[in-house]
Amino acid sequence: MIGAAIDTAWYAYAVVGPVDAEIRAALPAPLELVGSAELAVVAGEVPLAEFGEDVLRERLNDREWLEEKARAHDEVIRRLLPLTTVVPLRFGSIHRDRIAVEAFLETRHDALAAALERVRGRVEVGVKIWLDRDQRPARGRQEAAATGRAYLEQRKRERERAAMAATSLEEHLRDVHGRLLASAEDGVVNRPQSSELTGRDAEMVLNAAYLVPGDGGEFFAEVDRLRSERPELVFEATGPWAAYNFVDLGEGV
Amino acid sequence: MSSRDLSTRPGPPGSPNGGHPAQLADVLERVLDKGIVIAGDIQINLLDIELLTIRLRLLVASADKAREMGIDWWDGDPFLSRRGREDHALEGRLRKLEAAAGLDGAEEER
C-alpha cells in the first residue's frame, strides 16, 4: 500500500452508506470501500496508462473503449443498488491515490451525506416516449391537387393539421409527465436522444427520469396504466437505476 | 423487437433490468452526463456538460461518418484539457458542425 507505484491512480465510482460485510463481499476484486461504515467511497486502482488525463482524452473518442468502461462503471453501481444507498459519481473521477480519496471524503463529507439522504430508499426510473415516423403529421399527400389553387389550399390544410398535431402531442406529453410526476418524488425531462444515437426509426419525443420510492414497482405499474390508456404513444420504461439524475451538487468543486 | 412493448422491466434484486442489458445511449447519458462531479487530483475536466454531451452524441452517433465528412475537430481540440479553453468560439463551432452533420434532432424537425 505504502509507496504505491506512480503509474496508477484511484478511480471513484460511487458514494455509499451504510456499508457492511455483505457489500464488501459484493465488490469485484480490485474495488475497495474507503471511509466509514456510514459513508464510504467505492474506489479502485486503475492504470494511468488508461485513465491519465492526456490518455483519457483520446480514449473518450474510442467508441469500444468508452462503451466497455461506461458499462463497467454502471455495472459497479448496479451491483450496489439493491444492497445499500448509492450516490453515483461521474465517469472519470480520478484521484492520485487512496489518501486523496480519503481527503475527498473528508472535505466533502456533509454534502455527500446530504446527497445520500436525498436518494435513500429511492431509485430512478427512465421513461421515454417514441413516435413512429409514419404517425407524425402531414399526411394526405396522396390526393393529387388538380389546380394550383387547390394545391395551395391543400398545403395550407396540411400545415394546419401539422400544427394541431404538434400542439396536441405537446399537451399529451405534458399530461403524461404530470401523471408520472404525481407518482414520483421528483422528475426531470432531458433532451431526447437523436435517431443516430438510438439507431431507431421511431422518433423520441420524451426522455425523462423520475425519482421514485422503493424499487419502483408502483411507478412501473403507473407507466403500464398510461400505456394502455394512450395506445397512440409508445412508452419505454427503464430501470431501476441509481439516482444519476438526482444527485447534482452543482459543479461540486 | 415489438414496437408496442419496449418496456425494460425491473428484475429481482441483483439482476436489475431483468437481465436485459441497458442501451448504450442510456448508460452514457447517465454515467457521463449526470452523477456528481468531484474535485479529484487528476480528474479530467468534465465540467462543461453541454459540450461533452454534444461531443459524445457526435461520437456515438457516427464518428466514422463524421470523419469521412471531414469533421474531425475532436482530434486535439482543447476541450478536455485545462489549457486554452475557448468555450464560446468552440461552442459556436460545435453547433455549426452539429447542424451540418444533421445530428440535432430538435433543430432538424423545424
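## Helix crossing, sheets and domains in a predicted model

Visitor: Is the crossing of H4(A) and H1(B) left-handed or right-handed, and which residues of H1(B) make the contact?
Guide: The crossing is left-handed. H4(A) brings Glu67(A), Ala70(A), Arg71(A), His73(A) and Asp74(A) to the contact. From H1(B) come Leu24(B), Val27(B), Leu28(B), Val31(B) and Leu32(B).

Visitor: How many residues in the contact of H4(A) with H1(B) are nonpolar?
Guide: Sort the contact by class. There are 3 charged residues and 1 polar residue. The nonpolar residues number 6.

Visitor: What is the order of the 4 strands in the open sheet of chain A?
Guide: The pairing in this sheet is antiparallel. Strand S7 (186–190) and strand S9 (234–241) are the edge strands, each pairing on one side only. From one strand to the next, the twist averages 20 degrees. The order is S7-S8-S6-S9.

Visitor: Which residue in S8(A) stands opposite Val188(A)?
Guide: S7(A) and strand S8, residues 203–213 of chain A, run antiparallel. They are joined by 5 bridges. Opposite Val188(A) stands Ala209(A).

Visitor: How many bridges pair strand S1 of chain A with strand S3 of chain A?
Guide: S1 covers residues 8–17 and S3 covers residues 40–47. They pair in the antiparallel sense. Val16(A) stands opposite Ala40(A) in S3(A). The bridges number 8.

Visitor: What is the bridge partner of Leu31(A) in S3(A)?
Guide: Strand S2, residues 31–35 of chain A, pairs with S3(A) in the antiparallel sense over 5 bridges. The two strands form a hairpin, with 4 residues between them. The partner of Leu31(A) is Gly44(A).

Visitor: Where is Pro18(A) found, and what is omega near for the peptide bond from Gly17(A)?
Guide: Most peptide bonds are trans. The bond from Gly17(A) to Pro18(A) is cis. Pro18(A) sits in the loop between S1 and helix H1 (21–26) of chain A. Omega is near -5 degrees.

Visitor: Which strand of chain A holds Pro240(A)?
Guide: The peptide bond from Gly239(A) to Pro240(A) is cis. Its omega is near 5 degrees. Pro240(A) lies in strand S9.

Visitor: How many Å apart are the C-alpha centres of domain 1 and domain 2 of chain A?
Guide: Chain A is divided into domain 1, 8–120, and domain 2, 123–246. Their contact takes 6 residues from domain 1 and 5 residues from domain 2. The C-alpha centres lie 34 Å apart.

Visitor: Which elements give two or more residues to the side of domain 1 of chain A that touches domain 2?
Guide: Start with the class of the residues on that side of domain 1. The side has 5 nonpolar, no polar and 1 charged residues. The elements giving two or more residues are strand S4 (85–88) and helix H6 (109–119) of chain A.

Conventions: Residues numbered from 1 in each chain as written. Chains lettered and ligands numbered in written order. Predicted model: local features only at pLDDT ≥ 70, side-chain atom pairs only at ≥ 80, totals over all residues. Left-handed = near helix turned anticlockwise from the far one by under 90°. Contact = placed C-beta atoms within 7 Å. Nonpolar A, V, L, I, M, F, W, Y, C, P; charged D, E, K, R; others polar. Pairing = 2+ DSSP bridges. Axes fitted to C-alpha atoms, helices over the stretch in contact; angles between N-to-C directions. Domains from an automatic or database assignment.
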